[in-house]
Amino acid sequence: MKRSIKKLISVIATTVAVGTMLTGCGGSNSSTGSSKGDVTLTYAIWDKNQEPGMRKIADAFEVKNPGIKVNVEVTAWDQYWTKLDAGASGGSLPDVFWMHSNQAYKYASNSALLDLTDKIKGSSLVSLDKFPKDLVKIYEDKGKSYGVPKDFDTIGLWYNKTLFDEAGIAYPNETWTWDDLLKAAKKLTNAEKGIYGFGAPLDLQQGFDNFIFQNGGQVLSDDKTKSGFDTQAVKDTMQWYVDLSLKEKVSPTHTQFSENSFTSFFESGKTAMGLFGSWMFSEFATNEYVAKNCDVAVLPQGKQRATIYNGLANSIAGNTSHKEEAWKFVEFLGSEEANKIQAESGAAIPAYEGTADAWVKVSNKFNSKVFVDMLAYAKINPNSKESNAWNAAEKEALIPAFTGKVSVNDACDDVAKRVNEILATEK
C-alpha cells in the first residue's frame with residue numbers, strides 16, 4: 001500500500017513473468033507437494049481475530065479433501081500488502097489470499113489473480129447470486145470474476161452508555177437524525193473532563209462518506225469518471241461534518257486525532273459516540289472498557305438512510321502451481337457450509353445469503369443485529385482501479401479544511417480536481 005501505483009503494477013507484471021518461468025521449473029510459490037502426493041496450500045489473511053474461524057473452515061475442508069492441507073498464515077494489515085508485493089516480485093504469492101476492494105482492480109487487471117469465471121459457472125457449491133450484487137462486482141474486471149465474496153461489513157454508531165446515563169440522555173435509536181446526533185453530542189461534551197460528544201475524524205469509510213450518501217450526494221459518479229466533491233450535496237455534508245470540531249466543538253480536532261487515533265479516544269471514554277465498522281466488533285468485545293460501557297446502534301439519518309458497506313473476497317494467485325487444489329479450497333470457502341462455520345465462529349459477517357443470523361446469535365456482546373439490518377440500505381464503498389490513489393488525494397486535500405486554514409468549499413473543489421485527474425488515468 002505504501003508503494004506507488006505504477007510501482008505496484010510493475011511488481012505485479014513482474015510476478016506474472018517470473019511466476020510463469022517458475023511454474024515451468026516445477027513451482028511458483030510456497031506450496032509443497034505435487035500431483036503425486038499431498039499438497040499444502042498457503043492461505044494468507046490479515047486479521048488475527050479471524051484466524052480461529054478460518055482454521056475451522058480449513059479443518060472442515062481438509063476432512064473432505066484428505067490429500068490437501070491448508071496453512072493459514074496471518075500477517076497484520078500494515079505489513080500484509082507489503083508482503084504480498086514482495087511475494088509478487090519473487091514469484092511466491094500465497095496460493096489463496098484475502099483480497100480487498102481497494103486492491104482488486106490492480107491485481108486482477110495485471111493477471112496476478114486467477115480468472116475464476118468458468119470455475120464458478122461450473123460449480124455446484126458456489127453461486128454468486130447468493131452474495132450482495134455490488135460486492136460481487138468489486139471483484140470483477142471486464143466481465144471476469146477474480147474472487148468469491150467472503151464477508152461484508154457496515155458502519156454503526158457506537159456510543160458510551162455510561163456517559164449517556166450520566167448526562168440523562170436516551171440512547172441512540174432508529175429515529176435519530178443529524179440534529180439528534182448534534183444535540184446529544186453538545187450535552188455529552190464536557191470540556192473540563194476532556195470528553196467530547198462525538199468523534200469526527202478525517203476518515204472516509206468510518207466517517208464522512210456515510211453522511212455524504214445520507215445527504216443524497218455521491219463520492220464518485222455512477223460511471224466512476226468524476227468526483228462528487230464539487231457538488232452542493234457533498235459540500236454541505238462536509239461543512240456540517242467539519243463544523244462538528246471547528247465550530248460546534250463537540251469533536252476532537254484533526255490535530256488531536258493525529259496525536260491519538262479516534263479509536264483510542266472512544267476506547268478511553270473521551271468520545272461518547274463514534275462511527276466504527278463491524279470489523280471492530282472483536283476488538284471492542286475484548287476491550288475491557290468498551291465491553292463494560294458501550295453498545296452500538298444504526299446510523300442516524302439525513303435526507304435518507306445510508307451506511308457504507310464493503311467486503312473481502314477469497315482470491316487465487318494467478319501463478320500458483322496448484323490451481324485445482326486452490327480452487328477446491330476457494331470453492332469450499334464460498335459454500336453455504338463454510339459461511340455458516342465463519343458465522344458460528346464470530347469471525348466476520350458472512351456474505352452468503354441467509355447465514356448472517358448465525359453471526360448475530362454468537363456475537364451477542366453488543367447489539368450486533370444492527371450491522372446486518374443496515375445492509376438493506378447500505379451503499380457500497382466507493383471504489384475504482386485507482387482507489388488507493390484518490391483516497392489519499394482526498395485526505396490530503398481536505399486537511400486544510402479540517403484544520404481551518406481554507407474553506408470547506410475550496411477544499412472540496414481541490415478534492416474534485418485531484419480525484420478527476422487520477423480517474424482520467426484509468427481510461
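Author: Here is a walk through the pockets, then the cavities, and then a pair of packed helices. This is a predicted model, in which local features need pLDDT of at least 70 and side-chain atom pairs count only at pLDDT 80 or more, while totals for chains, interfaces and linings use all residues. Residues are numbered from 1 along each chain as its sequence is written, and side-chain values use heavy atoms, with hydrogens and water left out.

Let us begin with the method. Rolling a probe the size of a water molecule over the atoms shows where empty space is left. Here the search runs on a 1 Å grid over the protein atoms alone: a cavity is a set of points where a 1.4 Å probe fits but cannot get out, and a pocket is an open set with protein on both sides within 12 Å along at least five of seven lines. Lining residues have an atom within 4 Å of a point. Points are joined across faces, edges and corners, and a volume is the space filled by probe spheres set on them.

Now to the largest pocket, which holds about 1200 Å³ of space. Its lining has 39 residues, and W77, H100, Q205, Q206 and W279 lie nearest the centre. Two or more lining residues come from each of α4 (101–109), α9 (204–214), α13 (281–286) and α19 (387–402); helices (H or I, at least four residues) and strands (E, at least two) are DSSP runs, numbered from the N terminus. The largest share, five residues, belongs to α19. By class, the lining of the largest pocket has 16 nonpolar, 16 polar and seven charged residues. (Ala, Val, Leu, Ile, Met, Phe, Trp, Tyr, Cys and Pro count as nonpolar, Asp, Glu, Lys and Arg as charged, and the others, Gly among them, as polar.) Domain 1 (39–153 + 310–375) and domain 2 (154–308 + 381–424) each give at least three residues to this lining, with the bounds taken from an automatic or database domain assignment.

The second largest pocket has a volume of about 380 Å³. It is lined by 16 residues, with S221, D222, K224, I380 and P382 closest to its centre. Helix α6 (133–138) and strand β12 (379–380) each supply at least two of the lining residues, and the largest share, three residues, is from α6. The second largest pocket lies between domain 1 and domain 2, because both give residues to its lining.

Among the residues lining the largest cavity are Y43, M54, I57 and K150. Helix α16 (336–345) gives the most to that lining, with three residues, and α2 supplies at least two.

Helix α2 (residues 51–64) also packs with α15 (residues 323–333), at an angle of about 125 degrees and with axes 10 Å apart.

Methods: Axes fitted to C-alpha atoms, helices over the stretch in contact; angles between N-to-C directions.
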